[in-house]
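Colleague: I would like to talk through the pockets of this model. Can you take my questions one by one?

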Amino acid sequence: MIELVFILVPFFGLAVYDMKKMAKAKLKREFIPYIVLSFLALGVTLVYILDPYGPSLVKMIMTLFGIKE
Amino acid sequence: MLANKGKITVRQALILFVLATFSPSIRLFTAGTARGAESAAWLTPILSALVMIVVFKILSSIFRNRNITNLGVFFDRALGKALGRTVLVLFLLWLVVLYFVYIRYYTERLIMTIFTGSETKLFIIVLMLLVFMATRGKIESFARFGEFSFIVFTVVFITFFLFLIPGVRIDNIWPVTHFDAIPVVKSSYNILSIWGYVTFSFFLGDRIADKEKLGKYTAKTIIYLASIATLTIVTVIGTLGPSLVARMPIPFFSALTTISIMETLDRLEPFLLSTYVMSDFIVVVFFAQIIIAVLKELFKVSETRYLSTPIAFAGYAGSQFLASSRFELGKFSTVLGLWVNVVLCIAAPAVIFIVGKIRKKI
């Protein structure tokens, strides 16, 4: 959980800083890929840190392709 | 000098592509080809070079049209908007997986070689800080760093080859008979899956000023790639033997431990490791830049440097979430990863190009 705090605090700090800069430069469209990529970053962070011994991404992809271990 | 600010030349783009292939080729080419083609493994780069000529020809034909600025635009033109966007999203998903894969391989390699048993997180944080800075900065600076690294890599590798050649045993790479033809063809996917990254490079098309000159550099690039790959395979398999190389995780590293010049110059592994780390940094930034370029095309945005923050954070957690162990990662690469690379980088552009020609859109 401490690791989660160490990741999320700088991430949100930088995200707020970036978004302020983007808003100042009137880059409205640019918010969409930023949010998409941020959700990906947050998603993998939460999944990994909250369940580090759960199934890995590789395992999920191999299962999707029907490849057994 | 370039008149276009924020753009690189096709020569610089190809140098970045060549550098991006160094790290996976050291890991993969020798063991992968030795497993299938044994003593004839050194022929696989020659066969792969022939396939690459076709790939370069296709890319060159695509970008001769000045209206096609990058691969995303090519997909839209050839397949129509809906299917083109779907293919682009598939490429994006695979690029994200490869980005995680290379970050993870970088840490695994450090742990396997000199930092045995160490915690991986610090290595990833250091790399992600560098990725953050490199993706936020100008692509021209990264390309210039690539040009400098290219000279360093070439000198280092030629020196290694010169030191390894005296230890090569001819019976490890010879005889080669007609019975080796099928194994050589089958093993060439190991090489094509990595050389195919040239296709990914052209997602950066918007940032390449003179794409139409790609044909001019085709021969030079392929000859360089084939020479380095052939020399790597000849020296490593020639020194250690195909059966031993096929079972090793990093055979090139093991081959270097055999170098001893006049009983004074040995232990050259740190030189390989430092070039390896540099190569890992380049391949990771290369994929990060391409992911950003694909997002730029997908969402039609003009400014992308802010994406460096989420991409660095995604790399940190994603590389750890990717695989639970080195073995799982290795299996994923050999069983699935290489084949997906071949399909997306070699087969897909060719098929889409043919579809585009049939629809008279290219």
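This is a predicted model: local features need pLDDT of at least 70, side-chain atom pairs count only at pLDDT 80 or more; totals for chains, interfaces and linings use all residues.

Colleague: How do you know what class the lining of the largest pocket has?

Modeller: Leu, Trp and Val are among the residue types that count as nonpolar. The lining has 23 nonpolar, no polar and no charged residues.

Colleague: Which helix gives the largest share of that lining?

Modeller: That is α4(B), with eight residues. Chain B also brings in α14 (269–299) and α16 (326–358), and chain A brings in α2 (31–50) and α3 (57–64). Each supplies at least two residues.

Colleague: Now the second largest pocket. What is its volume, and which residues are closest to its centre?

Modeller: The volume is about 500 Å³. Of its 25 lining residues, the closest to the centre are Y48(A), P52(A), Q320(B), A323(B) and S324(B).

Colleague: How does its lining divide by class?

Modeller: Into nine nonpolar, eight polar and eight charged residues. Tyr, Pro and Ala count as nonpolar, so Y48(A), P52(A) and A323(B) belong to that class.

Colleague: Which helix gives the most to this lining?

Modeller: α4(B), with three residues. Among the others that supply at least two are α5 (121–136) and α15 (308–322) of chain B.

Key
Residues are numbered from 1 along each chain as its sequence is written. Chains are lettered from A and ligands numbered from 1 in the order in which they are written. Side-chain values use heavy atoms; hydrogens and water are left out. Helices (H or I, at least four residues) and strands (E, at least two) are DSSP runs, numbered from the N terminus. On a 1 Å grid over the protein atoms alone, a cavity is a set of points where a 1.4 Å probe fits but cannot get out, and a pocket is an open set with protein on both sides within 12 Å along at least five of seven lines; lining residues have an atom within 4 Å of a point. Grid points are joined across faces, edges and corners, and a volume is the space filled by probe spheres set on the points.
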